[in-house]
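Trainee: I'd like to learn how to read a model like this one, feature by feature. Can we go through it together?
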Amino acid sequence: MIFTYVVANLLSVFISHRQQRQIVCGFERYFRPCEPEREKVDMDLLPAETSSEIVKKHRFRSLKMVDLNYDEVLSDVPYGADYGKLDNGLRYYVRLNSKPKMRAALALAVNVGSVLEDEEERGVAHIVEHLAFSATKKYTNHDIVKFLESIGAEFGACQNAVTSADETVYELFVPIDKPELLSQAISVLAEFSSEIRVSAEDLDKERGAVMEEYRANRNANGRMQDAHWLLMMEGSKYAERLPIGLEKVIRTVSPEIVKRFYTKWYHLQNMAVIAVGDFSDTKSVVELIKTHFGSKVSATDYLEIPRFLVPSHEEPRISCFVESEAAGSAVMISCKSPVDELRTVKDYRNLLVEAMFYHAMNQRFFKISRKKDPPYFSCSVAADVVVQPIKAYIMTSSCKEKGILNALESMLTEIARVRLHGFSERETSVARALMMSEIESAYLERDQVQSTSLREEYLHHFLRNEPVVGIEYEAQLQKTILPHISASEVSKYSENFRTTHSCVIKAIEPRAVATVDDLKAAVLKINSFEENGNISPWDEEHIPEEIVTSKPNPGTVVQESEYSNIGVTELILSNGIRVCYKCTDFLEDQVLFTGYAYGGLSELPESEYISCSMGSTVAGEIGVFGYRPSVLLDMLAGKRAEIGTKLGAYMRTFYGDCSPTDLETALQLVYQLFVTVVVPGEEDIKIVMQMSEESINAQERDPYTVFANRVRELNYGNSYFFRPTRISDLRKVDPFKACEYFNKCFKDPSTFTVVIVGNIDPAVARPLILQYLGGIPRPSEPILQYNRDDLKGLPFTFPTTIIREVVRSPMVEAQCSVQLCFPVELKNEKMMEDIHFIGFLSKLLEAKIIQVLRFKHGQIYSAGVSVFLGGNKPSRVGNARGDISVNFSCDPGVALALVDLALDEILRLQEEGPSDADISTVLEIEQRAHENGLQENYWWLDRILHSYQSRIYSGDVGTSFAVQDESRSDVRKTLTPVTAQLALQRIIPFPCKRQYTVVILMPQASRFRLLKSIMTDPKVQVGLASLIIVGFCVWRYSRSSSKS
C-alpha cells in the first residue's frame, strides 16, 4: 500500500515531447452528446494526406463535428457504466471492457481521508488502510493477501490502496476466468467496507510497516514536499493533516481510537464500488455487489463529510528551503485557486484553452533550457487539484547551484512576456496540433482502453464529481472547438500565475545562497519590468519543413523469411540491415521498434571508457537527428514519433514508438540518426558538462549513493564499468571523442537488426522500410562490426567469502537500506531451463521474505528480489555469472536481525523446500502475467528481441522463440517443492550462509551523539566506574609509598 498526497515533484525534469502531450490527458473528461441546437461548425482541421496513409486515421477525419451549445449541462450519469445506488447508500459502477481479457479492475472508493482526523488520530486513516489487508472478520493474518496471490493477483502490483487528505481507495486487479473468482474478490472489498478488524495484536503487527513507510517518506524529497505542503495549506486544517501522520500516533495509538475513526467515517453512503472488466454482462456483476454489500449496515449513523477551506492571500508566501541531501537547486511557484466547476460544454472548452496554454508554455521553457547559458536545466508548467477545494497552477524548474535567482527571474519573465505580448499564432498552432494528435490517438484506441484507466474515470466521478462520457463525444468536441481557440484566449491563462493570486514561491538549495529578501526583490523586479513594458516579445526560431530534405534511394529485399509460429516476417535488405516486423491489433495507434548491433563499451580501452560512455548524453544535447532538440520539438508537433539511443556494454541500441500514420516520420528519424555527423560546439560542451557536473554533485549529496557505490564495488570487484563517475572523471571527458564514438556506433546499417511490432499495414510499411532503413548508406569498410562470440567480457568477480558491512553516511534523518546478495552461476548445459527457474525463484524468495519480515514480524514495508545477469557477454557458449539480491529498508536498530531472519528463511527453503501452496501461488502469478503479456506490443517486442539475442539463435528466430517457450512450459510442468528446492541449492550457494555479501546503509552519528551513546551504555558505565576505583586505589598506594 502506498500513501500519497498530491504535491508536484519539486525537482521535476523537463517533460518529454510525448509526456507534454499527456498533460492534456490529465483532463480526461468524456462527455455525452447533446441534442443539436446551434449552427454546426464544419471545417477540415488537418491537411489532406496521400492515399498511402492508413485508412484508420480517416475514421477520425470523417468524425462528425457537433452543434455547440456552450450552456448545455453535462449529464451526471457516467457513460458506459451500469450505475446505481443500494438501499444502504453504497454506489456502484459496472462496465464491460475486454482489455485485458479475462481480467477485472475493481475498487472500493471511500470519501474519507486524513483531513477528518482529530489531533490524537493523525495518521489513523492510513493505518486503517493497512489493517484492511491484515485482518478482517473473515480473514486473519494477511490471509487476504495470500488468497489474492493464490489467484494470481500479486501483492503491490494487483492489490494495493492509497490514502490521501480527502479519500482512501482500495484497488484489486484480478483474473475472472473461473466463475467464483470475481465473487471472492468483491467479497474482499465488502470486508474492507465494514469488517476490518482492529485488535491490539493486529495493530502492533502493522505498526512496523507503517513506521517504515513513514521513515521512507522522511528522505530529501519527502521533507521538501512536506515543507511545500505546509506553506501551501497554511491557515487550513489540511496543513496539519499529512496522510502519513505523526510518529507518536503511529507508535502509540490505541485500537479503540482506530476503531472509533473507522466506525465513525466508514459509512456505506461514503463509498462506491467500481468494477470494470471482461464480464459476460453487467447485471450479474451488479447482483454480486448486491449479494456482498446489500445486507451490510453501517455501525453508526451517517455523518455529513465536513469540507475544509484553504484561505487565499494576496501577498506571496516566499520560503528558502535548505536541504543538504537535495538532488539539486530548484524553484517552485504555485498559485492557488478554487477548483473549476465542470458542468457545461463551456467549462470543457475552458479546459481545452488551459491545456493549450500548458503546451505552448512548456515548448517555450524547453527552448530556453537549450539556449546559450540557460537559466535552468529544465522547467515546466502544469496544474493539479491539490485537495478537494483547491487547484494549484504550478511552475517548477531545476537549475545549477547558486542559480536560484536567475531561474526565478526567467520563469516570472516568461509568464509576464505572455501577458504582455501573448503567444504567436505559430505557438498556438503547435499546441493545437499536439492536442489534436492526442485526442485522435485516444479516439482510435477507444475500444482498447485498459480497464484500470476506465476504473480511474469512475473513481473521479465519485470522488470529485467529474462527468464521464464516451470518448467519441470528447473527440467530436475537441475537433469542433480546437480550431476556434485563439492565441489571445490561450495567453490569458498566464493571469493564473500572478504572484498576487495566493502565490507560494519556494526555493530549494543544498547550501544556503539565496535569501527570502533576494527572492522578494526578484519578484518586485520582474513585476516592475512588466508594469513598465520593459519585456520584449518572444523571438521565434526558424523551423524547417522537412526532416529529410532529400529522400534516399530505396533499398531492395535480398532475402525474406516468414515465421508463422510467431507471426513475423524477416527481411534482409541490400545494405545488410535485418528487419523483422509483426503486425498486431492490440492497440490501434501504437508501433514499437528497437534496433541493436553487437559491440559496445566493453570493446574500448579503459582510458577511453569515460569519454565514450557519455556519447549519447553529449550527442543528444546537440541533436542526433540533424537538428537541435528545440527545433525538432516544433518539427514534430502533431506527430507521434519518438526515438532514443543507448550505448551499452555489449550492444548499441536505438528504440522508439510512433503512431501507424507517423511511421514514415519515425523511420526518417532513424535514417537521420545514421547519416548525421554530430560535432560539438563550445557552448554545447559547456552546457552538457555543467548539467553532468550538477548531476554528479546531486548524487553525492544523496546518502544512498555511498551505499549503492559500495554494493557495486563489493559485488563486481571494483570493475571500471560499474564504478561511479566522479567529478574528477568528468574533467577527463573529451566531448569530441564522445561524439566521434557515437557517430561510429550508428553508421553501419549492416550490423543492425531492427524489430518492429504494432498496428502496421505491410502494404504501407514495407515501402517506407525499404526507403528509410534500406536507404541508409552502407560504408565502404565495415564500422564496429563484431561477432557476438568474440566480444570482450567485462571484468567483474563476486567475493568468495562472506562479507557483512555497515556503510555510514551523514543524514538529516535516519534511513536504513539493506542489500543481501548471492552469486549466481548458470551452467551452459542447463542455461535455458535455469533462466526460467531463476525467474520463478526470485518471485518465491520475494513472497517468502515479505511474509516473514512484514507479515510475521511487522518490521518492513516491502521487499524486492532482483536478478542481474547483465554483466555477461552475449556469447553462445560458456556459463553465465551474475547475482540475485534481496533489498529492503527498515529501522536501523533491527537491520542486522532482519538480515539473519532473511538468511534463515532462504536456508529453510534450501533445506526443506517451499510448500505446495507457495509453488501454486508463484505459478499462478507468472501465468497471469504471461497471459497479460500476450496482449501487449511491448511484451512481443521484448520476446522477439530475446529470441534474436538468445544463445540458441542460429538464423531462425521462430525456432529460437519456440525453444524458449517450450523451456518455460517444461519448467512450469516440473516446478514442485522438490525441484524448486534443488534449483535453490544449484543456482545460489548451498548452504546460502557460506557465501554472500550484505551491505547496510546506516546514519552516521555525530561525535557528540556517539560520545553520548558510549557514556550511556551500562557496560561502558560499569567499566568506567571500575577504572575510577582502580585509579583511586593506585593514587592512594602511590601517596602512601611516597610517605614511607
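Trainee: Let's start with S19: how many residues of S19 are buried?

Mentor: Some ground rules before that. This is a predicted model, where local features need pLDDT of at least 70 and side-chain atom pairs count only at pLDDT 80 or more, while totals for chains, interfaces and linings use all residues. Residues are numbered from 1 along each chain as its sequence is written, and side-chain values use heavy atoms, with hydrogens and water left out. Buried means under 20% relative accessible area, exposed means over 50%, and partly exposed is in between (1.4 Å probe, protein chains only). Strands (E, at least two residues) and helices (H or I, at least four) are DSSP runs, numbered from the N terminus. Now S19: six of the six residues are buried, so the strand is largely enclosed by the rest of the structure.

Trainee: Which residues of S19 sit on one side and which on the other?

Mentor: In a regular strand the side chains alternate between the two faces of the sheet. Here Thr753, Val755 and Val757 are on one side, with Val754, Ile756 and Gly758 on the other, and both faces are covered.

Trainee: Which strands pair with S19, parallel or antiparallel?

Mentor: Strands of a sheet pair through backbone hydrogen bonds, either parallel or antiparallel. The criterion is at least two DSSP bridges between two strands. S15 joins S19 through six bridges and runs parallel to it, with Cys580 opposite Val755. S16 is antiparallel to S19, also over six bridges, and there Phe593 stands opposite Ile756.

Trainee: What is the strand order of the sheet?

Mentor: S13-S14-S15-S19-S16-S18-S17: an open sheet of seven strands with mixed pairing. S13 (557–563) and S17 (641–647) are at the edges with a single partner strand each, so one side of each has no neighbour in the sheet. From one strand to the next, the twist averages 15 degrees. For angles, axes are lines fitted to C-alpha atoms (for helices, over the stretch in contact), and values run from 0 to 180 degrees between N-to-C directions.

Trainee: Which strands does helix H26 touch?

Mentor: Contact means heavy atoms within 4.5 Å. By that test, H26 (762–773) packs on the sheet against S13, S14, S15 and S19, and its direction makes about 160 degrees with that of S15.

Trainee: What about H30: how many residues does it have, and what does it pack against?

Mentor: An α-helix has 3.6 residues a turn, so residues three or four places apart point the same way. H30 (937–949) has 13 residues and spans 18 Å from first C-alpha to last, close to the expected 18 Å. That expectation is 1.5 Å times one less than the number of residues. Its buried residues include Trp939, Trp940, Leu941 and Tyr948. The buried residues of H30 pack against strands S14, S15, S16 and S19, plus helices H29 and H31.

Trainee: How many disulfides does the structure hold?

Mentor: A disulfide is a covalent bond between the sulfur atoms of two cysteines. The test is a pair of cysteine sulfur atoms within 2.5 Å. This structure holds zero. For Cys612, the nearest cysteine sulfur is that of Cys745, 7.8 Å away. Cys612 counts as buried at 1% relative accessibility.

Trainee: Now salt bridges: how many are there in the whole structure?

Mentor: The search finds 62. Each needs a side-chain nitrogen of Lys or Arg within 4 Å of a carboxyl oxygen of Asp or Glu. Glu570 and Arg578 form one at 3.3 Å, N to O; Glu570 is buried at 2% relative accessibility, and Arg578 is partly exposed at 22%.

Trainee: Which helices hold Glu926 and Arg972?

Mentor: Those two form a salt bridge with their closest N and O atoms 2.6 Å apart. Glu926 lies in H29 and Arg972 in H31, so the pair ties together parts 46 residues apart in sequence. Glu926 is partly exposed, with a relative accessible area of 22%. There's also a network of salt bridges with shared partners, joining Arg103, Asp177, Glu924, Arg928 and Glu931.
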